[in-house]
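Student: Could we go through this model together, with questions and answers?

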Amino acid sequence: MIMCKENQKRLMTPSKLLQWALWIIIITILPIFYFQIAWGNPVDFQSGGLGAGDFKAYYVASRLLDKGENIYNVELQQNETDLLGYMPDATYYLYPSFLATLLIPLSRLPINQAALIWNTINLLLLAGTVWLLSVTIVQSEPKWLKNAKN
């Protein structure tokens with residue numbers, strides 16, 4: 001049977017189906033979990049904050065760097081965590097100083113606001129990644145999807 005090009009465009013190909021499935025996940029499932037965790041209490045890991053230990057370490061290191069102090073000194077990190085009103089949780093900044101430098105503007109905000117902004121940026125990056133992935137799948141149509149058509 002020969003199909004005209006208009007009918008072929010309307011058919012749901014495996015790549016388009018996969019693209020729709022990815023978007024359904026992004027739009028429905030991911031926000032339910034992400035919003036609950038990331039914005040419920042984004043800083044306190046004990047209360048369910050997403051990546052809270054890591055973010056606290058980034059935030060503390062950025063504050064120390066902004067003050068001109070050693071960001072790798074564990075004692076200074078513990079003292080800064082205490083000043084913020086959090087119990088030290090043995091999560092220390094061990095990353096390159098470039099990340100702490102990038103986060104200095106966030107460290108000038110209250111930690112709850114900074115964490116909300118950090119989590120929002122992460123969510124936008126995740127959505128952008130899924131969008132790029134879905135566009136790439138539709139445009140390039142991997143071999144395994146071509147085989148699924150047959």
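**Aromatic rings**

Student: Is tyrosine 93 buried or exposed?

Tutor: This is a predicted model, in which local features need pLDDT of at least 70, side-chain atom pairs count only at pLDDT 80 or more, and totals for chains, interfaces and linings use all residues. Residues are numbered from 1 along each chain as its sequence is written, and side-chain values use heavy atoms, with hydrogens and water left out. Buried means under 20% relative accessible area, exposed over 50%, and partly exposed in between (1.4 Å probe, protein chains only). Because its relative accessibility is 1%, tyrosine 93 counts as buried.

Student: Why is the pair of tyrosine 93 and tyrosine 95 edge-to-face?

Tutor: Rings of Phe, Tyr and Trp (its six-membered ring) pair if their centres lie within 6.5 Å, and planes under 30 degrees apart count as stacked, over 60 as edge-to-face and the rest as tilted. For tyrosine 93 and tyrosine 95 the centres are 5.3 Å apart and the planes stand at 75 degrees, so the pair is edge-to-face.

Student: How many aromatic pairs does this rule count, and what is the angle between the planes of tyrosine 72 and tyrosine 93?

Tutor: The count comes to 7 aromatic pairs. Tyrosine 72 and tyrosine 93 form a tilted pair, with 6.0 Å from centre to centre and an angle between the planes of 35 degrees.
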